[in-house]
Number of protein chains: 2
Amino acid sequence: MLKFSIEKKLEGTMARAGSIETKNGVIKTPVFVVVGTKATVKALTVEQIKSLESQVVLANTYHLYLQPGEKIVKDGGGFGPFMNWHGPTMTDSGGFQAFSLGAAFGNNVSKVAKSTEIETDNISQFDKDGQLAKVTDEGVEFKSHLDGKLHFFTPEKSMEIQYDLGADMIFAFDECTSPTASYEYQKKSLDRTLLWAKRSLNRHEELDTKKEQSIFGVIQGGRHQDLREEAARTIGGLDFDGFGIGGSFTKDDIGTAVAWVNKILPEDKPRHLLGIGEPLDLFNAVEAGCDLFDCVAPTRMARHGTIHTKDGRINIRNQKFTTDFGKIESDCTCYTCSNHTRAYIAHLFRADEMLASTLASIHNLHFILRLVENIRASILDETFMEYKNSFIKKYYKS
Amino acid sequence: MLKFSIEKKLEGTMARAGSIETKNGVIKTPVFVVVGTKATVKALTVEQIKSLESQVVLANTYHLYLQPGEKIVKDGGGFGPFMNWHGPTMTDSGGFQAFSLGAAFGNNVSKVAKSTEIETDNISQFDKDGQLAKVTDEGVEFKSHLDGKLHFFTPEKSMEIQYDLGADMIFAFDECTSPTASYEYQKKSLDRTLLWAKRSLNRHEELDTKKEQSIFGVIQGGRHQDLREEAARTIGGLDFDGFGIGGSFTKDDIGTAVAWVNKILPEDKPRHLLGIGEPLDLFNAVEAGCDLFDCVAPTRMARHGTIHTKDGRINIRNQKFTTDFGKIESDCTCYTCSNHTRAYIAHLFRADEMLASTLASIHNLHFILRLVENIRASILDETFMEYKNSFIKKYYKS
C-alpha cells in the first residue's frame, strides 16, 4: 500500500509537493504519469522510458483486458514486469474506455478507436442525455472496438482485472458522464458512481489480501459545483488510498472545478487528475491541489508532428523546417534535441518513417515530465507563481 | 579513399578476411552493411544502430534524391551526419530503384513502393525482354513512386547526387536487367553498363577533387557465365576502388555465379554483393570471395514478425507464442532478448504497436551482423567450413 507524505504546502494556494511510496519505488509529486496504453508507451522502448526519468507508468485496463487479456499479463508477472518496467505502475478502471470506445462503437468514436488511443473529445460523442444504452446499476455492457464482441464490466469485474494486471495503484469503477448530459442525469449518475465505489472497494479488499495494491476513488459531477462537492464528500469519505478526479473541463474552469473538489477531499491522500496534459491545465490543477496527472496528448501529438517548445507548439511537418538545421529547442537536453535537427525530423515525418514518432515522442514526454518536475521544484522554493506566469507568457504568447 | 587489406585467405576457398579503412572508420570484412534507405534504419534510433555494433550504413540514392532531395542532405553534412551516424557510409547508384520502383511505376511494382522498400522480387516485374521503355544509352527515364513525376538519371547525374549525399563509398550507375531478359538483351546491356561505368568514373573524378569518396564498379551479366566473366574483365579492368556484384541469383547458383566473377576481379579490391542477406547465401558468397553484403530483408522481415533464430525462422505472430514467456533465443545477447519475452513481442505485433518493429528489427539485425562477424572469425581461425555446415544444418534443418 502507498504511503503519501507532503513535504511542502505553498502558502496562498492549494499546491503541495510530496512523495508517494510504493513497493516499486518512490514517486515525487506533483508528477506526470506516462501512459503505456497496451503495456507499451507507443514508439518507445523501456530503455527510452527510463532515460526520460519517467517515475510511473499507467496502462489501460480496457485495452489489456481485450488484448492480450489480463490472464496473459498476470502470467507475465503483471503489466509492469510484462513490459519490463519495474518502477511504480497504475491502471485505470476501464470505465472511460468502455464508455467512449466500447459502448459508442459504431458511431464516430469507433474511428478514434482505430488509432488505439483514448481522446478526451470522445466524451462529446455520448448521446445528448449522457445516457448510454447499456449502463445499468449492475455495470456497463459494451462492444469491443477490436471485433464488436459484447463484454460486460461491473465494478467487481474491473477490480478482478486490475488485480490480475497487478499495478501498484488502481482505480474504482465509475460512470464517466458526458459534459452535455443534463443536471438530472449527472446527479443520478453520481449515486451510481458512489454505489460502484463501495462495490469496488469491497471487491478490492477481498482480492488484495496481501495489501499490495492501493485503490483510488473517482470523483465525477460534471461542471456542477454542488455535484462535485457532494461527490468529494461521499467518495472522499470512503476508505480509499487516493482519489482520481474525472470528467471533462473547459480551459477556464479547470482550476475552479478541481478546487471545489480538493477543498473537501482529505488532505493526506494523493489526488490524480485524469487525462490532463496541457501545460496551462497542469499549472492550474497543481495550484488547485492535484498531485498526479496522466495524458496521451504528449505522445499522440508527437505522432502527428506537433511538438512542444517553450515558445509554444510547432508542427514539424511545416515546409519551413525542411531546411532548418537547428535543434527543436537549442537548450533542450532530450535525446532528440541532443542528436537531431529539425530538418532531419521533418524529413522523417514527410517520409512516414517510424523514427519520426519515436523522436517526437521522446521530446514531448521530456518536455512535459520536466515541466511538472519544475513545477514541483517551484513549490519547494516558493517560486511557483513566478514560474507559472513566465512559462505561460512564453508558451501561449499571452 | 579507402584502403583495403587482406588479413587472411582461407585455403581451398576464395574466402578472405580483411579490413577497409575509410575516413570515418575501419570496417572489418566480411561485413553486413546495415540499410538506412531514407537516411534512417527503419524503426531504429542511431543509438540502437550503434548498440548493434553496426560498422557501416548504406542509404539509397533514389530515395534520398526524391525525398528530402540531395541538396538538403548535403546541407545537413551528407547523409551520415544528416542522420547523425558518424561511421562509414555507402550509397547505391539509384539504378536499381529507378528501374524497379521508378520505370515500372503503375504496375505491380508500385504497390511495393508504398512500403518504401526495395525488394529483389521486383526484378521479375520487368517486362519479358528486360527492355524497359525508357532506357537509352544516355540514361534512364523513370517516374517517381511518390508522385509519378518524370525524372531522368544518367551516370553523371547519379555521381552528382552521390557526391552531394557524401558517402565514403559510392557505386557506378549500371543497368540492372531482369533475370528473364534474353541473352541478347543481357549482352547488349553489358555494353551499356560498361559505357556507364566509364562515364561514372569520369564524372566522379571531376567532382571528387579531394579524393574523399571511393567508387565501386558494378558487375552484371545475369546468370550467364560468359557475360559475367566478360563484365568482370572489362569493368574489373577499370580504375575502381572496389566492385559491386548485382543482379539476381537462384539459391543454387549464387556461389557459382559469384565465383565466376571473383576469380577474375582484382584480388586487392573489396567486393560487395548487392542486396543479399539470407544466411545460406552469405556463407556461399563469402566462400566465393565476397567481402560486403547489404539487404533490407532482416528489417523488412522483422516488421512482418518473421524472426531469425539459430533453429530457423519463426513467425512471432503465431498463436503459440502469445503465452510463451521464454526469450526469442535464450542465449542471444541482443537488447530484445535481454529484455523481453516472446509473449510480450507477440502481443505488440498483434496490437499493431510500433515497438514490435523496433524489437524485432534489433534482434534480426543483431542475428545477421553477428553471423557475418562469426563467419569472419571462422576464416581467421580456419573453422569456416565447420561453422558453415553446423549453422546450416541447424538453421535449415537439412
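This is a predicted model: local features need pLDDT of at least 70, side-chain atom pairs count only at pLDDT 80 or more; totals for chains, interfaces and linings use all residues.

Colleague: OK. Is His151(B) buried, exposed or partly exposed?

Modeller: His151(B) counts as partly exposed, because it has 17 C-beta neighbours inside 10 Å. To be called buried, a residue needs 20 or more, and exposed means 12 or fewer.

Colleague: And what does His151(B) touch, if I skip residues up to four places away in sequence?

Modeller: Leaving those out, His151(B) touches Phe142(B) and Ser144(B).

Colleague: How far is His151(B) from Cys176(B)?

Modeller: Their C-alpha atoms are separated by 17 Å, and the two residues are 25 apart along the chain.

Colleague: New topic: sheets. What's the strand order in the open sheet of three strands in chain B?

Modeller: The order is β1-β2-β3 (chain B), and the pairing is antiparallel. β1 (3-9) and β3 (25-29) of chain B are at the edges with a single partner strand each, so one side of each has no neighbour in the sheet. On average, neighbouring strands of this sheet are turned by 15° against each other, direction ignored.

Colleague: Remind me, what holds strands of a sheet together?

Modeller: Strands pair through backbone hydrogen bonds, and that can be parallel or antiparallel.

Colleague: Then how many bridges join β2 to β3 in chain B?

Modeller: Five bridges join β2 (residues 16-22) of chain B to β3(B), and the two run antiparallel. Take Thr22(B): its bridge partner in β3(B) is Gly25(B).

Colleague: Which helix lies across those strands?

Modeller: That's α15 (residues 354-380) of chain B, which lies across β1, β2 and β3 of chain B. α15(B) runs at about 120° to β2(B).

Colleague: What about chain A, how is the three-strand open sheet arranged there?

Modeller: In chain A the order is β1-β2-β3, with antiparallel pairing. The edge strands are β1 (3-9) and β3 (25-29) of chain A, each pairing on one side only. Six bridges join β1(A) to β2 (residues 16-22) of chain A. One to look for is Ser5(A), whose bridge partner in β2(A) is Ser19(A). And α15(A) lies across β1, β2 and β3 of chain A, at about 120° to β2(A).

Colleague: Let's go inside. Which residues touch the most other members of the largest nonpolar core?

Modeller: That core has 224 residues, and the ones touching the most other members are Val258(A), Ala285(A), Phe293(A), Val258(B), Ala285(B) and Phe293(B). Not counting residues up to four places away in sequence, Phe293(B) touches several residues, including Phe32(B), Leu273(B), Ala285(B) and Val372(B).

Colleague: And Val258(B), which helix has it among its buried residues?

Modeller: α10(B) does, and its buried residues also include Ala257(B) and Trp260(B). α10 (residues 254-262) of chain B is mostly covered, with eight of its nine residues buried. Those buried residues pack against β10 (214-219), α9 (225-236), β11 (242-245), β12 (271-273) and α11 (279-287) of chain B.

Colleague: Why do you say the copies meet through the same surface?

Modeller: Because 100% of the interface residues of chain A are also interface residues in chain B.

Methods
Residues are numbered from 1 along each chain as its sequence is written. Chains are lettered from A and ligands numbered from 1 in the order in which they are written. Two strands pair if DSSP finds at least two bridges between them. Helices (H or I, at least four residues) and strands (E, at least two) are DSSP runs, numbered from the N terminus. Axes are lines fitted to C-alpha atoms, for helices over the stretch in contact, and angles run from 0 to 180 degrees between N-to-C directions. Two residues are in contact if their C-beta atoms, placed from the backbone, lie within 7 Å. A nonpolar core is a set of buried Ala, Val, Leu, Ile, Met, Phe, Trp, Tyr and Cys residues joined through C-beta atoms within 7 Å.
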